[in-house]
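Trainee: Could you take me through this one? I'd like to hear how you'd read it.

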Amino acid sequence: MEGLPELRQSRGAGLDLAHPFSSSSAALQWDNRSLACLARGKEYQNRANPVAIPCPQCGRQYDITLFQFGRTIHCTCGRRVGLEKRLGPPDSVDQPRFIADAMLGRVARWLRTLGYDTDYDQEITDSELVRRAISEGRHILTRDRSLPEEWRIDGYLVLSAEDTLEQLSEVVSAFKLRPPSRLFDRCRMCNEMLEPVSREEVASAIPKRVLEREAEFRRCPGCERTYWEGSHTARMRAVLGRIF
Ligand SMILES: [Zn+2]
Ligand SMILES: [Zn+2]
């Protein structure tokens, strides 16, 4: 049995056997969409009772809670077992939202610069990445080719380029992103929407020559960084001109 929990052993309180969400964790609260996906499965009968997912090769049964957020497991017979239905972000979102894996911090900052809501946490685990993607309707950007195999997820993109700007190009073409009308609607560092601030409000925080030259300033309500048009913005636009 190799320690993989079967249905009869995970009955009752034993939800935290081999999957990353403990039964006491808030993470176990499935969002309604994930539950609805599962509820359409033919095995789903009663939430009070464990629901079994059989291995298609040997028939061994596994508790459905092991497959939360589309996780798959290896059956003791060697076959990978998971839900048939793939989970992913809704198609109806006007502007795609993203979550980048731990290796893609630079791409995440570029996407934020372009105005795209992009979650990024350099310490994130795979299970948390997938959980957030599904519950917040985000497309996963990853360098990890095995991720879509380990999780039955949809709407992800595996980036093959090594270079940051080539990776950004991959995202732009896969999601048909259009060039933004302006840069810096969103903080590069923490993904918050920037707010306009007056010259007086930023006077103490930025160099005097910038204060004299620039007319418009914006500030991040999260980290309080101040943003303005400048030579760095011109360089970024030049780089983006090669991508769009
Ligand atoms: Zn099996
Ligand atoms: Zn910020």
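Trainee: What share of the 244 residues in the protein chain is buried?

Mentor: This is a predicted model, where local features need pLDDT of at least 70, side-chain atom pairs count only at pLDDT 80 or more, and totals for chains, interfaces and linings use all residues. Residues are numbered from 1 along each chain as its sequence is written, while chains are lettered from A and ligands numbered from 1 in the order in which they are written. Buried means 20 or more other C-beta atoms within 10 Å of a residue's own, exposed means 12 or fewer, and partly exposed is in between, with C-beta atoms placed from the backbone. By that count, the buried share of the 244 residues is 26%.

Trainee: How many helices and strands does the protein chain have?

Mentor: Both are DSSP runs numbered from the N terminus: H or I over at least four residues for helices, E over at least two for strands. On that basis, the protein chain has eight helices and 11 strands.

Trainee: Why is α2 called largely enclosed, and what covers its buried residues?

Mentor: Helix α2 spans residues 105-113, and seven of its nine residues are buried, so the rest of the structure largely encloses it. The buried ones are V107, A108, R109, W110, L111, R112 and T113. Just after α2, G115 has a positive phi of about 100 degrees. As for the cover over the buried residues of α2, it includes β5 (98-100), β6 (118-120), β7 (139-142), α5 and α8 (231-243).

Trainee: How do the axes of α2 and α5 cross, and which residues make the contact?

Mentor: Axes here are lines fitted to C-alpha atoms over the stretch in contact, with angles running from 0 to 180 degrees between N-to-C directions. Taking contact as C-beta atoms, placed from the backbone, within 7 Å, the residues are R106, V107, W110 and L111 of α2 with T164, Q167, L168 and V171 of α5.

Trainee: Where does K176 lie, and what is its phi?

Mentor: Most residues other than glycine have a negative phi. K176 sits in the loop between α5 and β9, and is exposed, with 7 other C-beta atoms within 10 Å. Its phi is positive, near 50 degrees.

Trainee: Is E224 buried or exposed, and what is its phi?

Mentor: E224 lies in the loop between β10 and β11. It has 11 other C-beta atoms within 10 Å, so it counts as exposed. Although E224 is not a glycine, its phi is positive, at about 65 degrees.

Trainee: How far apart in space are T76 and C58?

Mentor: T76 is in the loop between β3 (73-74) and β4 (80-81), and counts as partly exposed with 14 C-beta neighbours inside 10 Å. In sequence, T76 and C58 are 18 residues apart. In space, C-alpha to C-alpha, the distance is 9.0 Å.

Technical notes: Contact = placed C-beta atoms within 7 Å.
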